[in-house]
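User: I have a model open and would like to go through its fold. Can you help me read it?
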Amino acid sequence: RASNVAFLEADAASCSFSPEYDLIFSCFGVMFFVDPVAAFRNIRKSMAKGGRLAFVCWRGVEENEWVSLPWKAARPLLPEQKPVRSDAPGPFAFADRERVETILREAGFSDVGFERFDGLMDLGRSPDKAGFQVTQLMGPTMRALRDADGETRAKVEEAVREALASHLARTGHIRLGIACWLVSARAG
C-alpha cells in the first residue's frame, strides 16, 4: 500500500479536505456536480499552490457513437422525450468547452487546457450484451426506457441490437466511437 495515496468518498462542494494536494484527478465524475463552481472552488482550496487538476469528461452526445448510435435506433420507437438541460448534472454536462473553462476560472483555476481525445469503446462481440449495456446501464437510451412499457422496451432493445450487430459484421467486435475532453488546470 502506498503511503502517499488516500481515497475519500465525500461531497466535493462541502467536504473539509486536508489541504496541500499536488494533483487531483477525475475520470468521468466531475460532470455530476450539482454546483460545479462550488465543488471546484472547494477542491482548489485543498490544493497546494500551483497544484494540478486533471479530468476526463465526455464531449457531446452527437460526437459519441457509443450513445448516439443506440439513441438513433431507439428514438423513432419512443414517445417524445423531455429535453435534458445541457447544464444539468449528468454524463454530458461538460461537453461545452467554454462552459467548463468558465466554471474552472470562476472557481479560481488558471492555465485551463483542453485536449481532444477520440477513440473506440469495445462493447464486445455480442449484440445482446452490448445492447444490454447501452439500454440498461448507460446513456440516453437507458434514461428514455425508465418508464417505458414492456412492448416498447422490447422493440427498442431489438432495434438497438440490430444497429449494434451491423458493427459486429464489419469488424468482429462492436467498437463504437468515443469523444472526450482531457482537461487540465492549475490552482492559483
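Analyst: We can start with the sheet, then the helices, then a few single residues.

Analyst: This is a predicted model, where local features need pLDDT of at least 70 and side-chain atom pairs count only at pLDDT 80 or more, while totals for chains, interfaces and linings use all residues. Residues are numbered from 1 along each chain as its sequence is written, and side-chain values use heavy atoms, leaving out hydrogens and water.

User: OK. What is the strand order in the sheet?

Analyst: The order is S1-S2-S4-S3, in an open sheet of four strands with mixed pairing. Strands (E, at least two residues) and helices (H or I, at least four) are DSSP runs numbered from the N terminus. Two strands pair if DSSP finds at least two bridges between them.

User: Which ones are the edge strands?

Analyst: S1 (21–27) and S3 (109–122), each pairing on one side only. From one strand to the next, the twist averages 15 degrees. Angles run from 0 to 180 degrees between N-to-C directions, and axes are lines fitted to C-alpha atoms, for helices over the stretch in contact.

User: How many bridges join S3 and S4?

Analyst: Twelve, and S4 (residues 175–187) runs antiparallel to S3. As one example, Ser-110 has Arg-186 in S4 as its bridge partner.

User: Which strands does H1 touch?

Analyst: H1 (residues 36–45) packs on the sheet and touches S1, S2 (47–58), S3 and S4. Its direction makes about 140 degrees with that of S2. Contact means heavy atoms within 4.5 Å.

User: And H3, what does that pack on?

Analyst: H3 (residues 97–106) packs on the sheet too, touching S2, S3 and S4, and its direction makes about 140 degrees with that of S3.

User: Where is Asp-111, and is it buried or exposed?

Analyst: Asp-111 is in strand S3 and is exposed, with a relative accessible area of 56%. Asp-111 also has a positive phi, about 50 degrees, without being a glycine.

User: Last one: is Asn-64 buried or exposed?

Analyst: Asn-64 is buried, at 0% relative accessibility. It lies in the loop between S2 and H2 (65–74). Not counting residues up to four places away in sequence, Asn-64 touches Trp-58, Arg-59, Phe-92, Gly-177, Ile-178 and Ala-179.

How values were computed. Buried means under 20% relative accessible area, exposed over 50%, partly exposed in between (1.4 Å probe, protein chains only).
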